[in-house]
Amino acid sequence: MTVYNQLAYLDNAATTPMPDAVLEVIDNYYQKQKVNVHRGMYMLANEVTQQYEQVRQQVADFIHAPDVADIVFTSGATDALNLVAFGYGMTHLHAGDEIIISVMEHHSNLVPWQQVAKITGSKLRVVDITTDGRIDMISLQKMLNKHTKIVSLTLVSNVLGTYTDMHPIAKLVHEAGAVLLVDAAQAVAHIPIDVQAIEADFLAFSGHKMFGPTGVGVLYGRADLLAETNPTRFGGEMIDQVTKTTATFQPAPLKFEAGTPNIAGVLGLGAAIKYIYQKSYQTIAQIDHELIDHLMTGLAQIPAVTVYGSPIASDHQGVVSFNVDNVHAHDVATILDSAGVAVRSGHHCAEPLMHFLGTESVVRVSVSFENKLSEIDKLLAGVRQVKELLT
Ligand code: PMP
């Protein structure tokens, strides 16, 4: 999949390329099938509705959800996280209640909670991480108490690449009587997800970070919790009955899917899941780890480089962030760009984590199993050039 020609694309944590199999499904929908879902009685409309609903089943199987009705299509992880914050949090949080997140959350798992905390009078608490980029379990245990209602944590950090073992956390969260929301946006292209094994109550991810299109994502919710979650958008297809002054709503998941959904996006997501199955997570993990190992070994040989988080390559799920002495990350990224290497630089929508790391910005390399070792070599040569030019 060489969609970027000569570019060594190492910004897969921002979005992954799409394979032909996904593009073909999307193209086919727009060329030959562009009808709406859940509405028309004619054959084509029924066919496309069926395909759309089959993807819901595919997603349920993909993340081991107990029931297809536990899968809500959203516009992405941000939308899914906002749905839990505003649809569940707004009615389940009261003055004095507490929400816990970690210092390494993406802004989309931080800012919605800040807003909901402000409106409900609840308190947002932020657990620190250890120097190797893991949730500080001792602090988390101390922080959990009878006031804790929601704990929302990322499965893989989009900056440090660290994977959090959620199952023991879920146990602690449930003992405290709270619910656990897992942000799997950065995890899903690298590791298989099993919501039942984790014991996640809610889980969110985006299609575009797992070889699918932009504008589509998923919220998984435990059935009883989705029943208690209010819709946050209202309109067509989410209603049961409507009078001039009142409306009743469909059960989950349709009550959360007001209006015409991203049909092409959902079909594309289905093709992306198939693509991951074809490659297999085992192969993906093996290639990811070879690439990261090569990258970290190379970076360790450049004295001016500081790598953030764990020094162990296998702790990084596809993502490594670093700085080169006191050179600004944007300057590093600009030099790498001129060498034909695409990486992201900045705060990566994780400003509290930047403060925690004692920096304003970092250079982030994020791989997918489509990358080649030669692309990592190109990056390493670029970083050596930065060191020679600017330090
Ligand atoms: N959480 C994490 C960990 C992420 O990396 C991202 C995307 N960078 C998001 C949430 C938000 O995803 P999206 O922008 O696709 O809604």
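Glu237 sits in the loop between α8 (223–228) and β9, where helices (H or I, at least four residues) and strands (E, at least two) are DSSP runs numbered from the N terminus. The model is predicted, so that local features need pLDDT of at least 70 and side-chain atom pairs count only at pLDDT 80 or more, while totals for chains, interfaces and linings use all residues. Residues are numbered from 1 along each chain as its sequence is written, and side-chain values use heavy atoms, with hydrogens and water left out.

Phi of Glu237 is positive, near 70 degrees, in a residue other than glycine. Glu237 is partly exposed, with a relative accessible area of 27%; on this scale buried means under 20% relative accessible area, exposed over 50%, and partly exposed in between, with a 1.4 Å probe and protein chains only. Phe211, in the loop between β7 (202–206) and β8 (217–221), also has a positive phi, of about 75 degrees, although it is not a glycine. Phe211, however, counts as buried, at 1% relative accessibility.

The loop between β10 and α9 (263–279) holds Pro253, and the peptide bond that joins Ala252 and Pro253 is cis, with omega about 5 degrees.

## The β9–β10 hairpin

Strands β9 (residues 239–242) and β10 (residues 247–249) run antiparallel and are joined by three bridges; two strands pair if DSSP finds at least two bridges between them. The hairpin leads from β9 to β10 through four residues, and Ile239 has Phe249 as its bridge partner in β10.

## The ligand and its surroundings

The residues around the ligand are Ala77, Thr78, His106, Ser108, Thr154, Asn158, Asp183, Ala185, Gln186, Ser206, His208 and Lys209, a residue being near a molecule or strand if one of its heavy atoms lies within 4 Å of it. By class, this shell has two nonpolar, eight polar and two charged residues, where Ala, Val, Leu, Ile, Met, Phe, Trp, Tyr, Cys and Pro count as nonpolar, Asp, Glu, Lys and Arg as charged, and the others, Gly among them, as polar.

Oxygen atoms of the ligand lie 2.7 Å from an N or O atom in the side chain of His208, 2.9 Å from a polar side-chain atom of Gln186, and 3.5 Å from a backbone N or O atom of Ala77. Taken alone the ligand exposes 390 Å², of which the protein buries 87%; accessible areas come from the Shrake-Rupley method with a 1.4 Å probe, and for residues only the protein chains shown count as cover.

## Two buried residues

Gln33, in the loop between α1 (20–32) and α2 (43–62), is buried, with a relative accessible area of 9%. Its side chain makes a polar contact with the side chain of Gln51 at 3.2 Å; such a contact is a pair of N or O atoms within 3.5 Å, and within protein one must be able to donate a hydrogen and the other to accept it, while residues adjacent in sequence count only if both atoms are side-chain atoms. Leaving aside neighbours within four places in sequence, Gln33 is in contact (heavy atoms within 4.5 Å) with Asn28, Leu44, Val48, Gln51 and Leu267.

Ala85 belongs to helix α3 (residues 77–92) and is buried, with a relative accessible area of 0%. With neighbours within four places in sequence again left out, Ala85 is in contact with Met90, Pro112, Trp113 and Val116.
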